[in-house]
Each structure stands twice: as structure tokens, then as C-alpha cells.
Amino acid sequence: MEGYEMKPVKEHKRGRNVVYTCVKEGTDAKILRISFINDRSREDLLGELEYVRYLFEHGGSVSNVVSSQDGNLLEEITHNHHTFFVCLFEKAKGKMLVENHYRYREGVPLSEYYYNCGKVLGKLHELSKGYAPVHPRYSFFDKYNAEYIDKLIPNSLSLLKEKLLGLLKTLEGLDRNHESFGMIHFDYNDGNYFIDFDTGQITVYDFDNSCFGWYMFDLASIWGNGMGWIQSEPDTGKRKKFMEDYFERVLAGYRSETRLDHSLLNSLPLLIQANLMEGIIDAFEVMRNNGEEPECDEELSYYIKCLEDDILYFGFFHEVYSCEEPFKYEKRNM
């Protein structure tokens, strides 16, 4: 990294790494990532990086991993009895939607963006179907299981625990065959890809949460991303119509790269609930990792309400939703 100017990337609430942008004249920018929380093993991290390298080498639109001078995807540094894992990526072309003030390409309809979101993900899933890992990542149920939920979620939220365990039991009944279950991104949203606003090309990064799961989980994440475009619309019917049209374009892009049986779409509401569960569990993990006492803000209280009351589709078409205060509910007293 000699000669590179390195600037820290602003951390975000759910972040678990220290990240730097590395710039040097005459060469492409890089992203340096330092993992310091001990919830990821060396094998876990290698599993992620090998998957990213595989996707890139087979035509997936991802930020490639850069090998170190010793030819390694991952380097391990011990300092003051603490282990740090360091890796380097090519910086994706373009920028995030939020950095472009949620404006898309000049003169181009947003429907192109929806289509491309599905297309890029479809390609990744198609490649996953042929992936044979050297260092396998964990599977969904390795992390999301009764023991972990019981340990993480406070006893004061007994109904939430009960609903989470019921959801897990239902998920256990889902098919896990070659066409429906494989390596997925598990956090596919507009904070984890850049858009080249000259061409519309999407480049995906941050496979930190990647695991073996249902391909429909990533599609359910895209469904949830679409709500932001229409969240201020007071008319429930219009919100519903928009989401139908939006997801139809996403699926058209997805199916241009990989097969998707119509029967798998029946699991969409269930996998949206699984996304909800992931978000709730992640919130409690962040509090635990930061050494904070568990508490529920208005957003977390909203998602817990949806899960406890079996409200589907993030409550987006339900009376619990307010377009004045989207995805917020009265704070839960712990």
C-alpha cells in the first residue's frame, strides 16, 4: 500500500469492520478492510473472500479481492495480543444511490434500475449453483437456532422469542435443494453496491454476512428495498400497486440470468419475515457487541410488533404502518 493516501470510511451503526479508501495516482482505488471483532473465524473470512473471488472470475458483478504480496486473500496481524484480519478489494465503479441523493441516471426511467438489481442478483445466484467451496461459510441454521435466540433475546420479550422459534420451525420445512438453496449475499441492499451512473451497471460488495441460505431470502431483501420509493404514499392501494410493478421488473431482470420456479415465489412472504427476523437479531447483536443494555427504539419496536402480531410484508399494507412516521411504533418498554 506504499504511496496510497488512506482515508477512513465513515462507520455505520451495524458495521463490524474498520474500512479505508485507498487512492494512488495512476492506479485504481482500493478498499482496505480490517476485521477486529472475534465473531468471525479465519475460516469464515476465507470462505467469504474465496466466494467473492469465484464470483468475480466467473463474471459476477462484484468488487474483486486483491491478493497480498504473499499471494494471500487474507492476512493476519497480531498486535497487543489482539488478532486483526486484513483484506483488500478493488473499489467498485460509481457511487451509492444515497450519495447521488436517490436520483437515478438522467433521462433514464427507474425501471432500468429495478431490472438491473434483479439481473445482477440473478447472475450471482446462477453462479452460486455451481460453487464448490474450499472453506465453506456457515449455513442459515448454524446461526439462527433456538439456542442462539434464547441467549440473545431478553426474557422480557417472551412473545417475540416464541414467534421467532415458530418462524424457525416453519423455515425448517422449506426445501433446501440445489435450485432453491445455496450461497447468498444475505444483505443485498443499496448500501452494499455502487452504481455506475454512466452505464447503470451495479457492482456488489460487502459479502461479510454471506452464508448458505435460500435464494428467495435475497429476493425478499430486494422487495424490502423497494418500499423506500413509495413509503410516503398515504394510499395503501397505491403502495401495493407500486410494489407489484416494482417487483415484477426485479423478477424480469432476475429471470434473465437464472431460473426461478413460480412455486418458489410462494415463499416470498415467509422469507420477508425471515428478513425481519435477521434485522431484529442484528439489532440485539449490535447492542451486545457494543456492551450496551438491550433497548427498543421506535424502529425496532415496529419490527417486533410486526413479528409478534404476524403482520406480513413489513406491515407495509397494514394499519400499523404510518406514512408520516414510516416503520416506527411506540417504544417498547424493556
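**View 1. The start of helix 10.** A side-chain oxygen of Asp 297 comes to within 3.2 Å of the backbone nitrogen of Glu 299 at the start of helix 10. The model shown here and in the other views is predicted. Helix 10 spans residues 298-308.

**View 2. Helix 10 is mostly covered.** Nine of the eleven residues in helix 10 are buried. Among them are Leu 300, Tyr 302, Tyr 303, Ile 304 and Leu 307. What do the buried residues of helix 10 pack against? They pack against helix 5 (158-172) and helix 9 (268-289).

**View 3. Just after helix 10.** Asp 310 takes a positive phi of about 55° just after this helix. Asp 310 also forms a salt bridge with Lys 163; their closest N and O atoms are 2.8 Å apart. Lys 163 lies in helix 5 and Asp 310 in the segment after helix 10, so the pair ties together parts 147 residues apart in sequence. Is Lys 163 buried or partly exposed? Lys 163 is partly exposed, with a relative accessible area of 23%.

**View 4. Helix 1 is largely enclosed.** Helix 1 covers residues 42-57, 16 residues in total. From first C-alpha to last it reaches 22 Å, close to the 22 Å expected at 1.5 Å a residue. Twelve of its 16 residues are buried, so the rest of the structure largely encloses helix 1. The buried residues include Leu 45, Leu 46, Gly 47, Tyr 51 and Val 52. Their packing partners are strand 3 (30-35), strand 4 (65-66), strand 6 (82-90), helix 2 (110-128) and strand 7 (181-184). Just after helix 1, Gly 59 takes a positive phi of about 95°.

View 5. Side chains of opposite charge can pair when their charged atoms come close. Arg 40 forms a salt bridge with Asp 208, with the closest N and O atoms 3.7 Å apart. Arg 40 sits in the loop between strand 3 and helix 1, and Asp 208 in the loop between strand 9 (202-204) and strand 10 (211-214), so the pair ties together parts 168 residues apart in sequence. Both Arg 40 and Asp 208 are buried. Arg 16, Asp 39, Arg 40 and Asp 208 are linked in a salt-bridge network.

View 6. Lys 143 forms a salt bridge with Glu 285, and their closest N and O atoms are 3.0 Å apart. This pair links distant parts of the chain: Lys 143 is in helix 3 (residues 140-143) and Glu 285 in helix 9, 142 residues apart. Both Lys 143 and Glu 285 are buried. The whole structure holds 17 salt bridges.

Technical notes:
Residues numbered from 1 in each chain as written. Predicted model: local features only at pLDDT ≥ 70, side-chain atom pairs only at ≥ 80, totals over all residues. Heavy atoms only, no water. Buried < 20%, exposed > 50% of the residue type's maximum accessible area, 1.4 Å probe, protein only. Helix = DSSP H or I, 4+ residues; strand = E, 2+ residues; numbered from the N terminus. Contact = heavy atoms within 4.5 Å. Polar contact = N/O pair within 3.5 Å; in protein donor to acceptor, adjacent residues only side chain to side chain. Expected span 1.5 Å × (residues − 1). Salt bridge = Lys/Arg side-chain N within 4 Å of Asp/Glu carboxyl O.
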